[in-house]
Amino acid sequence: QQLLDNKTALISYHVTDTLVYAFYIDAKEIRLAPIKLKKDLLRLQVKKLRQALSDYQFIRSHPDMAFEQYQTSAYWFYEQLVAPIQIPKATINRLIIVPDDQLGHLPFEAFLVAQGGQDPDYTNLHYLIKDYKISYNYSATLLQENTINTRTQINGKILAMAAKYNPSADH
């Protein structure tokens with residue numbers, strides 16, 4: 001908590017079979033938000049969002065359906081995983097996300113704070129990245145260790161190598 005500036009919050013998620021625990025930490029407070037969410041439903045929603053984001057055949061052959069699926073899934077994740085935490089938007093502008101289990105496969109910055117219209121226009125959607133700078137870490141402990149141990153020893157020397165190719169050589 002002491003390593004976080006006044007505009008940064010860390011959210012660490014822990015997934016169980018029936019709950020997702022969200023630990024919220026900023027410079028002033030620490031909170032726990034237990035979220036009732038079954039692991040099977042979470043896995044299904046991750047699959048839907050990932051399909052809407054990266055299944056190019058699905059996106060190209062059914063653009064309207066892919067847009068609707070993306071909107072529904074991305075908003076669902078915001079509503080389930082971010083909104084219950086009640087992040088103070090007036091003071092926090094950076095989030096450090098520590099995902100767990102299936103959540104590690106999700107781009108939190110692509111979550112939708114509000115659903116858009118029916119017109120498949122991705123540019124006008126309200127993405128979470130518009131409200132916060134988002135970064136990820138493997139654990140709060142590693143974040144702490146990396147922040148404290150940022151001083152590196154440099155000896156002033158460099159080793160550099162480069163290959164030399166001769167395309168005209170007969171080999």
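Buried means under 20% relative accessible area, exposed means over 50%, and partly exposed lies in between. With that in hand, welcome to a few close-up views of this predicted model.

**View 1. D101 sits in the loop between strand 4 and strand 5.** Is D101 buried, exposed or partly exposed? Its relative accessibility is 35%, so D101 counts as partly exposed. Look at the backbone here too: the phi of D101 is near 55 degrees, a positive value in a residue other than glycine. Most residues other than glycine have a negative phi.

**View 2. Q86 belongs to the loop between helix 3 and strand 4.** Here is another residue other than glycine with a positive phi, as Q86 has a value near 55 degrees. Q86 counts as exposed because its relative accessibility is 62%, and the cut-off for exposed is over 50%.

**View 3. The largest nonpolar core holds 39 residues.** Which members touch the most other members? They are Y13, L81 and F111. At least two residues of this core come from each of strand 1 (8-15), strand 2 (19-26), strand 3 (30-36), helix 1 (39-54), helix 3 (63-82), strand 4 (94-98) and strand 5 (112-114). Helix 3 gives the most, with eight residues. There is also a second, separate core of five residues, and among them are L4, L10, I25 and V98.

**View 4. F111 is shown with its contacts.** Leaving aside residues up to four places away in sequence, F111 touches L49, A74, F77, Y78, L81, V82, L106, H126, Y127 and L128. One of these, L81, joins F111 and Y13 as the residues that touch the most other members of the largest nonpolar core.

**View 5. S73 is a buried residue of helix 3.** Why does S73 count as buried? Its relative accessibility is 2%, and buried means under 20%. Not counting residues up to four places away in sequence, S73 touches Q45, K48 and L49. L49 is also among the residues that F111 touches.

**View 6. Y75 is likewise placed in helix 3.** With a relative accessible area of 25%, Y75 is partly exposed. Beyond residues up to four places away in sequence, Y75 touches Y70, L112, V113, A114 and Q115. How far apart in space are Y75 and Y127, C-alpha to C-alpha? The distance is 9.2 Å, while in sequence Y75 and Y127 are 52 residues apart.

Methods: Residues numbered from 1 in each chain as written. Predicted model: local features only at pLDDT ≥ 70, side-chain atom pairs only at ≥ 80, totals over all residues. Heavy atoms only, no water. Core = buried A, V, L, I, M, F, W, Y, C linked by side-chain atoms within 4.5 Å. Buried < 20%, exposed > 50% of the residue type's maximum accessible area, 1.4 Å probe, protein only. Helix = DSSP H or I, 4+ residues; strand = E, 2+ residues; numbered from the N terminus. Contact = heavy atoms within 4.5 Å.
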